[in-house]
Amino acid sequence: MLARTRRVPTLAAALALGLATAAGAAAATAPPATATGPTSPNLDQAAQSTLLPNGDRVLVSGSGPSAAVVVESPDGRTVPAVRYAPDGHHAYVIPNSVLAHPAQLVPAQYQIPALSTASAPAATPHYPLSILQVNALGLDGKGADAVTFLTNVDDVTKWSIPLPVAGGIERVAVPTGHYSATTIFSTYDPTTDTGTDYVVEQVDLTVTAGGVTTLNADERTATSQITATTPKPTVADFAELEYFRHDANGLLGGVSAINSGPTFVNPTGTAQVGTFTYDLVGWGGESPAGAAEPYRYDVMFPGSDRVEANQNYTVDASKLTTTHNTIDTDAGESRRQGEYMIGPVSQSLGGFELGHLVSVPSHLTTYAGAPVGDEQWMANVIPALPVPSNNFPAMLQFGQTAPIYQGKTDVWRTWAHGPLTAQVGQYKDPTGCRSCADGGTVDLSLNPVVDSNPDTSVLMFGPATGQFTVYRDGNQVFSQSNTSGTELTGQAQTPGKYRMVFDLDLSQFPITQSTTTHTDITVPYTPTPDPKWTLPSSDFCQAQGKGTTACSVLPVINLNYQLATDDTNTSHGPVTALLLTVGHQSYNGAGSNAAATGATVSVSSDKGATWTPASVIPAGPNHFVALWKNGAKGGTPWLKVTATDALGGSITQTVANAYTIG
C-alpha cells in the first residue's frame with residue numbers, strides 16, 4: 001500500500017536501471033526551482049538490491065519489517081530463503097542453499113539494511129552473559145549441520161545474530177534470560193532449487209547465569225510434515241512458516257522460513273513467557289507432471305499459539321478465486337521459461353515471493369485462497385527468464401493493481417501481450433495517482449511499460465535507459481535521465497498545457513520486440529477542474545502532501561492496444577489488425593471522459609526511415625480499428641500512433657519492433 005510520504009524513486013527501480021537514484025536530481029538538465037526532483041507516483045518505492053556472497057541477490061520493495069522480499073539466483077530464478085528479524089534493528093535473508101552449509105555462513109554478510117526500521121542504539125547496552133551450547137542432532141542421531149535463530153522474549157533487542165551450527169555443536173555467549181529457538185536442518189539441491197527442511201522449535205529456553213545452558217535440537221523430533229488437501233491433485237512447491245514472539249514489552253521478533261520442497265516441524269506447547277505465534281502463512285502446490293493444462297493452488301491459513309502435531313490442511317474449494325492466466329512471451333526469446341511469482345505480504349510482517357517455473361507461452365490456472373489477518377497476496381509474472389550469466393539478469397516483471405483474491409469468482413488475464421508501451425493507466429482498485437494536481441503542486445508521470453491491460457505495472461531489472469522531459473506552455477521545466485516522473489511545485493494557477501516527453505530504451509535486454517519507445521503527450525491544465533476528475537479518497541495522491549483537499553486527476557490520454565497477434569506477439573497472414581482505444585487516466589471511474597477526436601496509425605519496415613499510413617476506421621466512441629499489410633516474414637515492424645481529444649490533448653507514440661511477422 002502506498003504510504004502518504006514523499007518518495008523519490010527512479011524509472012522503475014534504482015537497481016533496475018543501475019543508473020540514477022534519488023540523488024540524481026542534481027544531474028538533471030537545468031531544472032527550474034519549481035521542480036522538486038524526480039518522482040514516480042506510479043511506484044510504491046524503489047526496489048533495493050543486495051548482492052549476497054553466494055551470488056544470489058535480495059530485492060527489497062519497501063523498507064523495514066513491512067517490506068516485500070524476493071531472492072533471485074544468477075539465472076533469474078527465485079529461490080527459497082529464511083528471513084530472520086530478531087528485532088526492529090536487524091534483519092537477515094539467508095538462502096536455503098546457504099542454510100545447508102552453515103560452515104560457510106558469515107551472518108553479518110546476510111544482513112539486509114533495507115529491512116530494518118531504524119538504526120541500532122548508538123551505545124550498545126551491556127548485559128550479563130552466559131554460555132549457550134547448541135547441540136544439533138541429525139536424523140541419524142549424530143551431530144549435524146543446522147542454523148539456530150534465537151529470539152529473546154524478555155527483550156527482543158538483546159539478541160540479533162543467527163547461529164551457524166557446523167558439525168553439530170556451537171557455543172556462544174548470550175544475555176541471560178528467556179528465549180525461543182528455531183533450528184533449521186536444511187538440505188538443498190542447487191540444480192532444482194529445492195530441498196527438505198526440518199524445523200525444530202523450542203518455545204521456552206532459559207539461559208541461566210553461571211555454567212553452560214544446553215539447547216538440544218533434534219532433527220528427529222520434526223515428525224509432522226506440512227501437507228494440504230486440495231480439490232485437484234497437487235505437488236507441494238511452496239511453504240512459508242512463521243515463528244514469531246512478542247516480548248514482555250510487546251515488541252516482535254522471529255523467523256519466516258520459506259521452502260519449495262518437503263517441510264517437517266515438531267509439535268510444541270504454548271509459550272510460558274511472552275506470546276508465541278506459529279503460522280503456515282502461505283502454502284502452494286502445482287499440478288502433477290503431465291496435466292493437460294498447468295494449474296496451481298496458493299492458500300493461507302490462520303495462526304496458532306502452538307505447533308499442532310497434525311499439520312495437514314484442507315483447501316476449501318468454495319472460497320477460491322480462479323484466475324485463467326495467459327502468459328505471452330517474445331518471439332525471439334530462446335529459453336522458453338518464465339515464472340509465476342506469488343507470496344503473502346502484510347503491513348506488520350512484510351512478505352516473501354517465490355517463483356514457480358512455467359513454460360512460455362502458456363496458460364496457467366491459479367486458485368488463490370482468502371487472505372488471513374492483515375496479509376494480502378502479491379503476485380507477478382516474468383514472461384521470459386534470461387539466459388544464465390554471471391551478471392545480474394535482465395528481465396521484465398509484470399504485476400497488476402487488482403487484488404489477487406477477489407472472492408469466489410473467475411478472472412481472466414493475459415500477461416505481456418504487446419506492444420509494450422508507456423502509459424498513464426486506468427485503474428479500478430486503489431493505487432497511486434500517476435498524474436494529479438493539488439493547487440500549485442502537479443505530479444506528472446507515466447508507467448514506463450504497460451501491456452494490453454491498462455492496470456499493468458512492470459519492474460525492469462537490467463540495463464534500461466530513459467529520459468523524461470516536461471514543458472509548461474512550451475517552456476522546459478524539468479528534464480532528467482532514468483526517471484519516469486516529476487513533481488512540480490508553485491505552478492501558475494492559470495489555464496495552460498503541459499507536455500511530457502518520455503523515451504525508454506530496452507534494447508540491451510534479451511528481447512526482440514518493443515525494444516524502444518517514444519511517447520509525447522500534451523495535457524491541458526485548468527486550475528478549476530471538472531468535479532468528476534476528483535481522485536477517490538481510497539487512492540493516493542503524492543501532490544496532496546499533508547493537505548486535506550482532494551487531488552484532481554489530470555486529463556492525460558491513455559492508449560490501449562489490442563494487437564491481433566498470437567501468444568509470441570507474432571502476426572500471421574498478409575494483414576495485421578489493431579483495435580485502439582483512446583481513453584484517459586482514470587481511478588475507479590474518476591477522470592476525464594473527453595471524446596477522442598481522431599487517431600492515426602503508421603507502419604515502418606525500415607526502422608522509422610519511412611512510414612506507411614494504415615487504414616484507420618472508427619469503431620464506436622473512442623475506438624478505432626487499424627489495418628495494414630505485413631511485410632516479409634521475420635520482420636519486426638515499427639508502429640507510430642497519434643490521437644487527439646476534445647479538450648485539446650494529444651499523444652504521439654512510436655514503438656520500435658512492435659511485433660514479429662510470422
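**Close-up views of a predicted model**

**View 1. The surroundings of Ala370 in the predicted model.** Leaving aside residues within four places of it in sequence, Ala370 is in contact with Met300, Lys319 and Tyr405. This alanine belongs to the loop that runs between strands β26 (362-368) and β27 (375-382). With a relative accessible area of 29%, Ala370 counts as partly exposed, because that value falls between the limit of under 20% for buried residues and the limit of over 50% for exposed ones. The view can also include Thr321, which is 49 residues away from Ala370 along the chain, although the C-alpha atoms of these two residues are separated by 8.1 Å. The model is a predicted one, and this applies to each of the views that follow.

**View 2. The whole chain, as a setting for the close-ups.** The secondary structure of the chain amounts to two helices and 52 strands. Its radius of gyration is 27 Å, close to the 26 Å that the globule rule gives for 662 residues, so the chain is as compact as a globular protein of that length. When contacts between residues at least 6 apart in sequence are considered, 72% of them join residues that are at least 24 apart.

**View 3. Asp330, a buried acidic residue without a salt bridge.** Asp330 sits in the loop between β22 (321-327) and β23 (337-346). Although Asp330 is buried, it has no salt bridge, and the nearest side chain of opposite charge, that of Arg336, is 6.7 Å away. A polar atom of the Asp330 side chain does, however, lie 3.0 Å from the backbone nitrogen of Gln513. Not counting residues up to four places away in sequence, Asp330 touches Arg336, Ile511, Thr512, Gln513 and Thr568.

**View 4. Asp438 in strand β32.** Asp438 is part of strand β32, which covers residues 436-438. Its relative accessible area is 18%, and Asp438 is therefore buried, the cut-off for that word being under 20%. Once neighbours within four places in sequence are set aside, the residues in contact with Asp438 are Ala543, Gln544, Thr549, Ala550 and Cys551.

View 5. The peptide bond from Val360 to Pro361 is cis, with omega near -5°, and Pro361 is found in the loop between β25 (354-359) and β26. The peptide bond from Gly418 to Pro419 is also cis, with omega near 5°, and Pro419 has its place in the loop between β29 (409-415) and β30 (421-423).

View 6. Asn588 has phi near 50°, a positive value in a residue other than glycine, and it lies in the loop between β45 (586-587) and β46 (596-604). Asn588 is exposed, with a relative accessible area of 55%. Lys607, for which phi is near 60°, is likewise a residue other than glycine with a positive value, and it is found in the loop between β46 and β47 (612-613). Lys607 is exposed as well, with a relative accessible area of 68%.

Note on methods: Residues are numbered from 1 along each chain as its sequence is written. This is a predicted model: local features need pLDDT of at least 70, side-chain atom pairs count only at pLDDT 80 or more; totals for chains, interfaces and linings use all residues. Side-chain values use heavy atoms; hydrogens and water are left out. Helices (H or I, at least four residues) and strands (E, at least two) are DSSP runs, numbered from the N terminus. Buried means under 20% relative accessible area, exposed over 50%, partly exposed in between (1.4 Å probe, protein chains only). Lys and Arg count as positive and Asp and Glu as negative; His and the chain ends are not counted. A salt bridge is a side-chain nitrogen of Lys or Arg within 4 Å of a carboxyl oxygen of Asp or Glu. A polar contact is a pair of N or O atoms within 3.5 Å; within protein, one must be able to donate a hydrogen and the other to accept it, and residues adjacent in sequence count only if both atoms are side-chain atoms. Contact means heavy atoms within 4.5 Å. The radius of gyration is taken over C-alpha atoms; the globule rule is 2.2 Å times the number of residues to the power 0.38.
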